[in-house]
Amino acid sequence: SNIDIICNDRTYNISDIKRSTISGDKQIYNIHFADRKAYLATGFGIVVLDLVRHEIAETYYLGENGSYEPVYDIAITDTLLLAATEQGLRLAPRGSNRLHIATTWVLDTLSALAYKPVRFLQSDGNNYLAAYYDTDAQMARLACCINGVTGPFSTPGQILSLQKSCSRYILTLDAGVYLFNL
């Protein structure tokens, strides 16, 4: 939870999360970079770092009534911010000035990701991929949302990562690696 930004041979330490009085999980699960900001998926919500000013710009608590809710990954499409949570995928309008209000982050209740413990996200334009592990079936589940339509993919194995490289998506499992194009 202690962050160092290295820029032009200088190191800027941001220890706000580490020093905060937040009780519980302060772990940083993932980072997404966009618009000169770093979006940190943390054990209590989302922290936005301003990479130019080297400071925390905003914090979003996505749980009920603004309570702490772990966010495991973040993706940004042309129109949405997406947060991977234990409850499922939470969505908010990109560019909204109300992201600090928990009710702005709507829980997806209609797609193949509804109420699934989403852990990994990647996006491109308005399309995105989301992955979670189905403990009952012991299967990796991947949902692709292309032009607003969500389709499922399943394969045996525990998910280790979901990354984007050039125009391909790489799903790494303990049982193998899959490449996807959107």
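Me: Let's start with Asp-35: which loop is it in?
Reply: Asp-35 sits in the loop between strand S3 (28-34) and S4. Bear in mind that this is a predicted model.

Me: What makes Asp-35 count as exposed?
Reply: Its relative accessible area is 53%, and the cut-off for exposed is over 50%, so Asp-35 is exposed.

Me: And what about the phi of Asp-35?
Reply: Phi of Asp-35 is near 50 degrees, a positive value in a residue other than glycine. Arg-36 also has a positive phi, of about 60 degrees, and is not a glycine either. Arg-36 is in the loop between S3 and S4 too.

Me: How do you know whether Arg-36 is buried or exposed?
Reply: Take its 64% relative accessibility and hold it against the over 50% needed for exposed; Arg-36 therefore counts as exposed.

Me: Moving into strand S4, why is Ala-41 called buried?
Reply: Ala-41 is found in strand S4. Buried takes a value under 20%, and Ala-41 has 0% relative accessibility, so it counts as buried.

Me: Which residues is Ala-41 in contact with, leaving aside its neighbours within four places in sequence?
Reply: There are Gln-27, Ile-28, Tyr-29 and Asn-30, and then Val-71, Tyr-72, Asp-73 and Ile-74. As for Gly-157, it is 116 residues from Ala-41 in sequence and 24 Å away in space, C-alpha to C-alpha.

Me: What makes Phe-44 and Tyr-61 an aromatic pair, and why is it called tilted?
Reply: Their ring centres are 6.2 Å apart, and rings pair when the centres lie within 6.5 Å. The planes make 40 degrees; under 30 would be stacked and over 60 edge-to-face, so this one is tilted. Phe-44 lies in the loop between strand S4 (37-42) and strand S5 (46-50), and Tyr-61 in the loop between strand S6 (55-60) and strand S7 (73-76), so the pair ties together parts that are 17 residues apart in sequence.

Me: Why is the pair of Tyr-61 and Tyr-68 tilted?
Reply: The centres of these two rings are 5.4 Å apart, and their planes stand at 40 degrees, so this pair is tilted. Phe-44, Tyr-61 and Tyr-68 form one aromatic cluster, and the count for the model comes to 5 aromatic pairs.

Me: Why does Ser-161 count as buried?
Reply: It's at 18% relative accessibility, and buried means under 20%, so Ser-161 counts as buried. Ser-161 is in strand S15 (residues 159-165). Beyond neighbours within four places in sequence, Ser-161 is in contact with Phe-120, Ile-170, Leu-171 and Thr-172.

Me: Zooming out, what does the secondary structure of the protein chain come to, and why is the chain called as compact as a globular protein of that length?
Reply: The chain has 1 helix and 17 strands. Its radius of gyration is 16 Å, close to the 16 Å the globule rule gives for 182 residues, so the chain is as compact as a globular protein of that length. Along the principal axes, the C-alpha trace spans about 40 × 40 × 30 Å. Of the 182 residues, 44% count as buried.

Methods:
Residues are numbered from 1 along each chain as its sequence is written. This is a predicted model: local features need pLDDT of at least 70, side-chain atom pairs count only at pLDDT 80 or more; totals for chains, interfaces and linings use all residues. Side-chain values use heavy atoms; hydrogens and water are left out. Helices (H or I, at least four residues) and strands (E, at least two) are DSSP runs, numbered from the N terminus. The radius of gyration is taken over C-alpha atoms; the globule rule is 2.2 Å times the number of residues to the power 0.38. Buried means under 20% relative accessible area, exposed over 50%, partly exposed in between (1.4 Å probe, protein chains only). Rings of Phe, Tyr and Trp (its six-membered ring) pair if their centres lie within 6.5 Å; planes under 30 degrees apart count as stacked, over 60 as edge-to-face and the rest as tilted. Contact means heavy atoms within 4.5 Å.
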